[in-house]
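Let's take a friendly walk through this structure together. Please have the viewer open and follow along.

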Amino acid sequence: MEDELLSSWLVRLAHGHGLKVQSFCNMLYGNSRQIWNRDIDRLAPQWLLDDLRLHTGATQIQAQQTTLRIFDGVLVKHYREAGPLQWIQLMQMYHRKREGYGQQFCPLCLREDKVPYFRKTWRLAIKTMCLKHNCMLIDRCPQCDSAVSYHRIGIGQPNHVEFDPLSTCHECSFDLRTASAKPVKVYDQEAFDWLRRVVSDIDDFSAGKSVTIDLKEVSLFHHITAMVSKERNRYHLGQHVADMVGADDYAPINTNRVALESYPCHVRNQYMQFAAWLLVDPQVRLHQACRSRAIRHNFLLRDMKDPPAWYEDCVNNRIATRARPFFERRRQQKN
């Protein structure tokens, strides 16, 4: 399916053969090659992709496009097997269980699917809303609060039965397609439109369209979002932006030692809208935040080894003009 995750594809293949996915994989690969004790979408072994390509008729590109590795060098600076990755949601695997809420979904997309399946972009921390339906994504079962784990559907059932669709919660059997789709709260229209353009480009790239995304720029956005989310002693950048945009629902959480990629979906959405507000007019708003003691000036470049030149100039107060959003600049250059 378009933009489908490897895990979603593999589970659908197993259920299509009347087998639980664990039985299906054990039958093919035996106990010596375990698949489901890891984040398979992030850590897919090449032998599995080659085997799927061989027996399904998919091309090598189609098989590779199902994994999160396609974002290496695009959204992720240094792709590695262990530890957090920039913008990739954490699953927090424990044996075959998921203790993290890394798999998001849009209930309206699942409802429209002839056969429900899960998209690659739903594993991205930068993706918190569905642009097609203008609603928030959901990162857990709304009935039992369990992490989405469709690979565990059918546990306790015999093989060769008709399994529930992938939109079924493995824990309580709630149909995720019936979950309430909540509209996205907009704090500043210009910043929200900026964020929509960023997400739209990432959606297009993930779907295989010809789109150029600057890793430096999305890394900068990650850096600013992380700064907004951290409350450092007397420095409260998130509260500063909330006051500026009138976000009366802002409630900082104690996440100083938690990766951005493990925050709940609605929290990330708010932080990213705040970061977008700063980047819409960085020359004015970042320096205003420093003057208000919401952030220390040296934090603006901390841990950034290779920032965009315009941002470095902005921080060093050498640009007096308004810095346009980077995706807008790229589009104008393209035209």
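A few ground rules come before the tour. This is a predicted model, in which local features need pLDDT of at least 70 and side-chain atom pairs count only at pLDDT 80 or more, while totals for chains, interfaces and linings use all residues. Residues are numbered from 1 along each chain as its sequence is written, and side-chain values use heavy atoms, with hydrogens and water left out.

Let's begin with two helices. Helices here are DSSP runs of H or I with at least four residues, strands are runs of E with at least two, and both are numbered from the N terminus. Two packed helices are described by the angle between their axes and the distance between the axes. Please find α6 (residues 189–206) and α9 (residues 265–280), which pack at an angle of about 105° with axes 8 Å apart. Here the axes are lines fitted to C-alpha atoms over the stretch in contact, and angles run from 0 to 180 degrees between N-to-C directions. The pair α6 and α9 is therefore roughly perpendicular, a label for angles of 65 to 115 degrees.

Which residues of α6 meet α9? On the α6 side they are E190, A191, F192, W194 and L195, and their partners in α9 are M272, Q273, A276, W277, L279 and V280. Contact means heavy atoms within 4.5 Å. By class, this contact has 9 nonpolar, 1 polar and 1 charged residues, where Ala, Val, Leu, Ile, Met, Phe, Trp, Tyr, Cys and Pro count as nonpolar, Asp, Glu, Lys and Arg as charged, and the others, Gly among them, as polar.

Next come the rings. The whole structure holds 11 aromatic pairs, counted when ring centres of Phe, Tyr or Trp (its six-membered ring) lie within 6.5 Å; planes under 30 degrees apart are stacked, over 60 edge-to-face and the rest tilted. One of them joins F118 and Y150, which are stacked because their centres are 4.5 Å apart and their planes are at 25°. F118 sits in the loop between α5 (107–112) and β3 (129–130), and Y150 in the loop between β4 (135–136) and α6, so this pair ties together parts 32 residues apart in sequence. F118 is buried at 0% relative accessibility, and Y150 is buried at 1%; buried means under 20% relative accessible area, with a 1.4 Å probe and protein chains only.

Y235 and F299 form an edge-to-face pair, 6.4 Å centre to centre with 75° between the planes. Y235 lies in the loop between α7 (215–229) and α8 (237–245) and F299 in the loop between α10 (282–291) and α11 (309–315), so the pair ties together parts 64 residues apart in sequence. Both partners are buried, Y235 at 17% and F299 at 7%. Elsewhere, W87, W194 and F221 form one aromatic cluster.

R296 lies over the face of F299, 5.3 Å from the ring centre, and the charged end of R140 sits over the ring of Y101, 3.7 Å from its centre. The criterion is NZ of Lys or CZ of Arg within 6 Å of the ring centre and within 35 degrees of the ring normal.

Back in α6, look for S206. S206 is buried, at 1% relative accessibility. Its contacts, leaving aside residues up to four places away in sequence, are D3, Q65, I70, F71, K120 and T121.

Our last stop is α10, which is mostly covered, with 7 of its 10 residues buried. Among them are P282, L286 and C290. The cover over the buried residues includes α8, α9 and α11.

Conventions:
Parallel < 35°, antiparallel > 145°, perpendicular 65-115°, else oblique. Buried < 20%, exposed > 50% of the residue type's maximum accessible area, 1.4 Å probe, protein only.
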